Every structure is written in structure tokens, then in C-alpha cells.
Amino acid sequence: MSETIINQRQIHWFPGHMAKTLRLMEQEIRHIDCVLQILDARIPLSSLNPEIERITAGKPHLYVLNKADLADPEITQQWLAYFRSAGAGCLPMDSRQKGRANAIKGPIEKELAALTERRRAHGMVGARIHVMVVGIPNVGKSTFINSFAGEARAKAANKPGVTRGKQWITVGNYDLMDMPGVLWKKFDTLETAANLAFIGSIRDDILDIEELACGLLSSVRGIYPQRLLERYKLPAEALDLPPYDLLLAIGAKRGMLISGGEVDSERAAKTVVGEFRASKWGRISLERPPRPAAEQEAEDAAQDD
């Protein structure tokens, strides 16, 4: 079971079908020409599954920063530079816009240029390209495939766990293998676990919604404080409140009261989480790219002086 911690409480979610998916990837990867790993543009590192990286190592690989329309565009550009500086093919995507996923065809063919040339030398002109589409739950793999195909060919929904077994989707010269979303058994950091919960990659029904909302408020007010003040019409001093009190202030401002005049904290929490996921707070990125080691060392040395 994966362990997610929101406000220091551990949440376990690594269903059996995820372990089965990892085994299936290991079996199928030898038949694959290229891997498309779909990441969430708001949390590129937290949505980068190390188990998928391990299994797909050695194959031509492209990263798609999906849901880029929900992320801070300036930060997304920083992430693109980060991946490309590491020699990784990467591009942003809003897969919900019909036809936008077609932009991936050129990069796929570029990554596979050597393979295509070998096939041509052996008289295999027009051989089909087998692409494995992978990622964490609720990152938009099936939506991406449907956009790529130009029609609904894969099951898609705004919640994790919809795709349970591999699906082969044929689109032109491509055979796309849509794999179920999969997490990993143990998260490296508290931040990774929390970010996955915030975007809905962990099923909400096993989370405490108030703890989730408090964690989200705590994270966002540190990087986009003005967004919270503007969205919920709060005074600046509200940012100094403990997260739960900030949640209650939001509920009170929205008139979410129950008998006795108390704030309905559960309703407020559902509103906060729901509005974040619907991008009602504006385009927000929860992660910044790691700074280059040399730059970090120079700053540390300056502080020591």
C-alpha cells in the first residue's frame, strides 16, 4: 500500500490492480517502440512515477506536461527547459482541446528516426509504431488518447482508477497501448504524497477532506497568497491564520453556516478542493524545477560567507 500523509496522517492506497499493471508493463515493454509518459503540468516531478521510469528505461521516451491550461504558464516554460536540459523530449499539452494531441506525432517520429531508418533498410516501410501511454491515475491518459484519435476510443473520467486493464487503440500508423494509471508503493517525500492527493490522483473517498483542504491551503498560500485573498475576499491578515482557521474563514465568508452559526467545515473543504481542481483560483503550479546544482552551491557558499 502507498502511504500518503496529509497533516501527518498516513493514507494507504496501492490497490492490487496497480501491482498487476506494473507487472504487465514489464511484460509488454519489449514489444514497444516508444513510451509516452503523461505528467501533470502542475506537479511534474510528483507525477513522475519512479517505477514507470525503471521499467521503461532504455526506450525512446517523451514526456507530455498535460493539463498545461491549468498550470502557471511561466513555470511550465521553466519545466520544459528543465526536462530538455536533461536531454528529455518534453512538450506541454491540453488534451481536452480536440486535435491538440496531434502535436505529439512529430516528436514521436523524431525520437524513432533511427528505428524507422533501420526498418526502411530492411524493407519494412510503413511498419506500425507501438506506443505505450503511461502515467499516474487521473493525469489524463485516456483523454489524451481520445484527442490523439479524434474521437472517444478510451474510457476517460475526472477521477482515478477508470482504466483497469490495457487497451490497444489504433490511430493511423500508430498502435497506442493505454495502461491503467499507477502509483508507487512508497512515496519519497511528504510533499509528493500531498501533491498527488491535491490533484485527485488518490481516491478522495479514502482521504479526510478537511485535512486535504488544509494541506492545500497551506501549500498555495506560500506561493500564490494573493490568489486566495482575491478568490475568497479575505483580509491580508487571514494568511497568518492556522490552516484550519483559514478554512473556517473561507467558509464563513461564503456563508457556509450550520445551526448555531458554526461554519460547515466539510462543505468549505469540498469547495476549496473542488475550486482548486477546477482552476477557479487561476493557473497554479505547485512545483518549481530543481535549481541547477552549481547555482545552489554558489548560493550556499554566499550564505556561509
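Trainee: Which strands does helix 3 lie across?
Mentor: In this predicted model, helix 3 (residues 73-85) lies across strand 3, strand 4 and strand 5. The helix runs at about 160° to strand 5.

Trainee: In what order do the strands of the open sheet come?
Mentor: The order is 5-4-3-6-8-7, with six strands in the open sheet. The pairing is mixed.

Trainee: And which are the edge strands?
Mentor: They are strand 5 (89-93) and strand 7 (167-171), each of which pairs on one side only. From one strand to the next, the twist averages 25°.

Trainee: How is strand 3 paired with strand 4, parallel or antiparallel?
Mentor: Strand 3 (residues 34-40) and strand 4 (residues 61-66) are parallel, and six bridges hold the pairing. As one point of reference, Asp40 has Asn66 in strand 4 as its bridge partner. In general, strands of a sheet pair through backbone hydrogen bonds, in either the parallel or the antiparallel sense.

Trainee: What about strand 7 and strand 8: how many bridges join them?
Mentor: Five bridges join strand 7 to strand 8 (residues 174-178), and this pair runs antiparallel. Within the pair, Gln167 stands opposite Asp178 of strand 8. The two strands form a hairpin with two residues between them. Gly172, in the turn, has a positive phi of about 60°.

Trainee: Which residues of strand 7 are on the covered face, and which on the uncovered one?
Mentor: Gln167, Ile169 and Val171 make up the covered face, whereas Trp168 and Thr170 make up the uncovered one. In a regular strand the side chains alternate between the two faces of the sheet.

Trainee: You mentioned a positive phi. Which residue other than glycine has one near 50°?
Mentor: That is Lys233, with a positive phi near 50°. Lys233 sits in the loop between helix 9 (225-232) and helix 10. Ser279 is not a glycine either, and has a positive phi of about 60°. Its place is the loop between helix 11 and helix 12 (293-304). Most residues other than glycine have a negative phi.

Trainee: Is Lys233 buried or exposed?
Mentor: Lys233 counts as exposed because its relative accessibility is 62%, and the cut-off for exposed is over 50%.

Trainee: Turning to the helices, at what angle do helix 10 and helix 11 cross?
Mentor: Their axes cross at roughly 90° and come within 9 Å. Helix 10 is therefore roughly perpendicular to helix 11.

Trainee: Which residues meet there?
Mentor: Helix 10 contributes Tyr244, Leu247, Leu248, Ile250 and Gly251. These meet Ser265, Ala268, Ala269 and Val272 of helix 11.

Trainee: Now for charges. How many salt bridges does the count come to?
Mentor: The count comes to nine salt bridges. One of the pairs is Glu275 with Arg254, where the closest N and O atoms are 3.0 Å apart. This pair links distant parts of the chain, 21 residues apart. Glu275 belongs to helix 11 (residues 265-277), and Arg254 to the loop between helix 10 (243-253) and helix 11.

Trainee: Is Glu275 buried or exposed?
Mentor: Glu275 counts as buried because its relative accessibility is 10%, and buried means under 20%. Arg254 is partly exposed, at 33%.

Trainee: What separates Lys270 and Glu266 in helix 11?
Mentor: About one helical turn separates them, since they are four residues apart in helix 11. Glu266 counts as partly exposed, with 40% relative accessibility.

Trainee: One last item: where is Ser201 found?
Mentor: Ser201 is found in the loop between helix 7 (190-198) and helix 8 (209-221). At 0% relative accessibility, Ser201 counts as buried. A polar atom of its side chain lies 2.7 Å from the backbone oxygen of Pro137.

Note on methods
Residues numbered from 1 in each chain as written. Predicted model: local features only at pLDDT ≥ 70, side-chain atom pairs only at ≥ 80, totals over all residues. Heavy atoms only, no water. Salt bridge = Lys/Arg side-chain N within 4 Å of Asp/Glu carboxyl O. Buried < 20%, exposed > 50% of the residue type's maximum accessible area, 1.4 Å probe, protein only. Polar contact = N/O pair within 3.5 Å; in protein donor to acceptor, adjacent residues only side chain to side chain. Pairing = 2+ DSSP bridges. Axes fitted to C-alpha atoms, helices over the stretch in contact; angles between N-to-C directions. Contact = heavy atoms within 4.5 Å. Parallel < 35°, antiparallel > 145°, perpendicular 65-115°, else oblique.
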